[in-house]
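This report looks at charged side-chain pairs and their surroundings. The sequence and structure are shown first.

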Amino acid sequence: MASNAQNGINFDDAPFSPVHKKIAIGTFMGQVCDGYVIGIVGIALTYATTTLGLDSNWMGLVGAGALFGILFGSLLTGIIIDRIGRKTAYTFVAFFTLILSVAQFFLSDPLHLVIVRFLLGMCVGADYTVGVALLSEWTPEKIRTKMMSWLMAAWTFGYIISYFAGLIIATMGDLGDNGWRWIICSSALLAGMTLIIRIGSPESPSWTLAKKGAAAALNLVHTHLGPNYGLPPKEEKVESASFWRLFSPELWRNTVTSCTFFLCQVLPFFAISIFLPVVVKGLNIANPHASGMMYNGFTMVGVIIGILIADKISRRAFLLWTFYGAGAILTVMTVWQNMPATLAFVLLGAFSTVLAISIVAEWLYPPELFPTELRGSGVGLTIAASRIGAGMGTWMLPVVTEQYGVSTTLSCCIASLLIGGVVCQILAPETSPKFIASENFGIGAKAYSKS
């Protein structure tokens, strides 16, 4: 264990304790809620289309409203929490998610629904940013990789159960025109649970050290871990926390890599999964509900596989083979649309699995690319950039599919995966301690996984 004679054992080397458990449960519960908020709109729209008189444009806007909100919420929150800290935002985002989830029940105008979904998305984006930062800065170093990997499993679980919860709610008696309202506002239950768990969460010791000094950080560590634990060995003076430093010669490669890989993963993920019935119909796959359950089931399987292998292979290899693998499978499905039904189901499951494996890196990789003083801003910018792809893909999928067919839509998804793979192959730095020495061959980027 790393130690400091004045401060004691480095808090990064502390065993898993009650404070770690509280932050982990609060962050994981937030991810379940976030995934649910995003996923529930898809099933709700299938019951709201007639009631609200939605055409393909309105369906796309309502479906993408939260995704565009995430763009602004994550970007603004990243800048804010690097200045005022993680603690306050960590609790408040759960409170506002609860309020906005309930508000959806009382809406009947599509424009109002888009606005509320946008505000909900801002809360989700804020939660992504502050949750990732706080958890990564409190979690002991020896379990940090595994803990951050499991974040995506929590998000995926919430996203998947929203599909089944929506179907269950829809069968609960004669709900009439209010059926979609009960479905879409059901996220309030998870938001309330998240809020209760997060109340009383502490500030980040890394942020406190960078912004308030060693005395305040040491007091925080002693309060929550005990007097035997202290701060890391004193390092050089903290660099500027200016947002524009993300584009400096030191960090621009990390910033471009982080934003691009995230954007290129989520565009096909959300575009296909939110409007899965539209896609499978275009691929001539029968029984959209069975296809949806199978697709979501393999998504969960893929995330579990991704978690198990995330620390076994290099980050670069993880990114490259999942981008190219998912792209290859989707290319076969797009070109050969008259394939036998059994083979179509197999390939759909394989695509879902590989794409789900890839998204494990979304909460694991970005925090490793930025130093503590810019981690909130860097992760926030990454999430904001990714929502451009997710929002545009979700908004345009029903429109493009209606006008040009599913082949054109899927071709755009293939292009996204190919671009992501090429950019990562050229720019992505290695951040895994096991592989960092052999993989960062002249790329010129730097990892900050221990900052």
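## A buried pair between helices

Asp127 is buried, with a relative accessible area of 4%, where buried means under 20% relative accessible area, exposed over 50% and partly exposed in between, for a 1.4 Å probe and protein chains only. Arg198 is buried as well, at a relative accessible area of 1%. The two residues form a salt bridge whose closest N and O atoms are 2.5 Å apart, the term standing for a side-chain nitrogen of Lys or Arg within 4 Å of a carboxyl oxygen of Asp or Glu. Because Asp127 lies in helix α4 and Arg198 in helix α7 (residues 187-198), this pair ties together parts that are 71 residues apart in sequence; helices are DSSP runs of H or I with at least four residues, and strands are runs of E with at least two, numbered from the N terminus.

## Basis of the values

The model is predicted, so local features need pLDDT of at least 70 and side-chain atom pairs count only at pLDDT 80 or more, whereas totals for chains, interfaces and linings use all residues. Residues are numbered from 1 along each chain as its sequence is written, and side-chain values use heavy atoms, with hydrogens and water left out.

## Arg86 and its partners

Arg86 forms a salt bridge with Glu137, with 2.6 Å between the closest N and O atoms. This pair links distant parts of the chain, 51 residues apart, with Arg86 in the loop between α2 (56-84) and α3 (87-103) and Glu137 in helix α4 (residues 110-138). Both Arg86 and Glu137 are buried.

Arg86 also meets Asp82 in a salt bridge (3.0 Å, N to O), and Asp82 is buried like Arg86.
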